[in-house]
Amino acid sequence: MTSARPLVIDCDPGHDDAVALLLAVGSPQIDLRAVTTTFGNCSVDDATRNAVQILTLAGVTDVPVARGAAGALDGVSTLGNYVHGASGLDGPAMPDPAFEVAQEGAVELLRRVIESSDEPVTVAATGPITNVAQLLLDHAQVKDGIAEIIFMGGSTERGNHTPTAEFNTFADPEALDVVLRSGLPVRMVGLNLTHQALATPEVVRRMAAMDHTVGQTSAAWMGFFGDSYNKVWEFDAPPVHDPCTIAALIDPDVISWREAFVAVELDGRWTRGTTVVDLHHRYAEERPNCQVAMTLDAGRYWDLVIEAIDRVGRRP
Ligand code: BDR
Ligand code: CA
């Protein structure tokens, strides 16, 4: 077996971010080195508390959690409480935090973990990508220590927060622009992919049938998240976006990819935050800068997620 991949997760938990964290800590292919938080689904303070509580639920107390951006690079704070509830993680009761948030901020923790690693670190971003952009702006030298950046955001198709913009990319388009122009290997997991990751009643039943709190809490998260998706977007089952980024790192065959030039709209009157994905090379002068997720093997995906949740829940 190859050694586990060093990973940092920058997130805004968030029900689907929570499942992404469980997938990471429950998968032997992943060596989670740090969790950093951002505004997004809720305030950064709520996201930070939620991240600590999720890791506490998972029995993980040795992965540092650091608080990051309270707003986008331009200072604006767009929140997604209309999907995730007042706390950002409404639904089942959560355990009291079993450890303290790191003294250092998110950018500093990311820099330290990347620079002290003996091998390149993968960065997964599942919220507005502000912290990662700030890291690249403040400490350009860390690029040498980053294996790739994989982010949940954007779409090859329509949006969700606005008709054309996905929430994470709408919340900080300037930050995504920094990442897309960084020259680093970047992978985009957009709505066109994550809308194939539906927590169907069968998926939720598999979580609820587990004989431990981690499985039952996950099922209850899907209940709250599913109700939001039904009310706001009339989905029958909620798309569980963020764990798709982690699944791609665990199993290279779970998602198929296309290389393309990707840009993000910064100026549009109605389209700010929209990703422009040039799948047919219409901008002849632009070189591909991104691998774009296209097709999900949903059966394989849910097996990875459910097995990881069960592994976490059964740990002594
Ligand atoms: C993204 O926004 C949030 O609601 C989710 O956590 C996900 O990261 C989906 O648009
Ligand atoms: Ca998220």
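Which residues does Phe99 touch, not counting residues up to four places away in sequence? In this predicted model, the answer is Val52, Leu55, Thr56, Val60, Thr61, Val63 and Val65.

**Around Phe99**

Phe99 lies in the loop between α3 and α4 (106–116). Its relative accessible area is 15%, so Phe99 counts as buried, the limit being under 20%. One of its contacts is Thr61. Along the chain, Phe99 and Thr61 are 38 residues apart, yet their C-alpha atoms are separated by 6.2 Å.

**The calcium ion**

Next comes the calcium ion (ligand 2). Asp12 (OD), Asp17 (OD), Asp17 (OD), Thr126 (O) and Asp242 (OD) coordinate the calcium ion, at 2.2 to 2.6 Å. Read along the chain, the donors have the spacing D-x4-D-x108-T-x115-D. The pair Asp17 and Thr126 links distant parts of the chain, 109 residues apart. Asp17 belongs to helix α1 (residues 15–25), while Thr126 is in the loop between β4 (121–125) and α5 (130–138). Are Asp17 and Thr126 buried or exposed? Both are buried.

**Helix α10**

Helix α10 runs over residues 213–233, which makes 21 residues. From its first C-alpha to its last, α10 reaches 29 Å, close to the 30 Å expected at 1.5 Å a residue. Buried residues in α10 include Val214, Trp221, Met222, Phe225 and Tyr229; Gly215 and Gly226 are also among them. What covers the buried residues of α10? The cover includes α1, α2 (44–57), α3 (81–84), α9 (201–208) and α12 (298–314). Helix α1 has already come up, as the helix that holds Asp17. After α10 comes Glu234, whose phi is positive, near 60°.

**The cysteines**

A disulfide is a covalent bond between the sulfur atoms of two cysteines. How many disulfides does the count come to here? The count is zero.

| Cysteine | Closest cysteine sulfur | Sulfur distance | Relative accessible area |
|---|---|---|---|
| Cys11 | Cys42 | 9.6 Å | 0% |
| Cys244 | Cys290 | 15 Å | 0% |

Notes:
Residues numbered from 1 in each chain as written. Chains lettered and ligands numbered in written order. Predicted model: local features only at pLDDT ≥ 70, side-chain atom pairs only at ≥ 80, totals over all residues. Heavy atoms only, no water. Donors = N, O, S within 2.8 Å, 3.2 Å for Na, K, Ca; no water. Helix = DSSP H or I, 4+ residues; strand = E, 2+ residues; numbered from the N terminus. Buried < 20%, exposed > 50% of the residue type's maximum accessible area, 1.4 Å probe, protein only. Expected span 1.5 Å × (residues − 1). Contact = heavy atoms within 4.5 Å. Disulfide = S-S within 2.5 Å.
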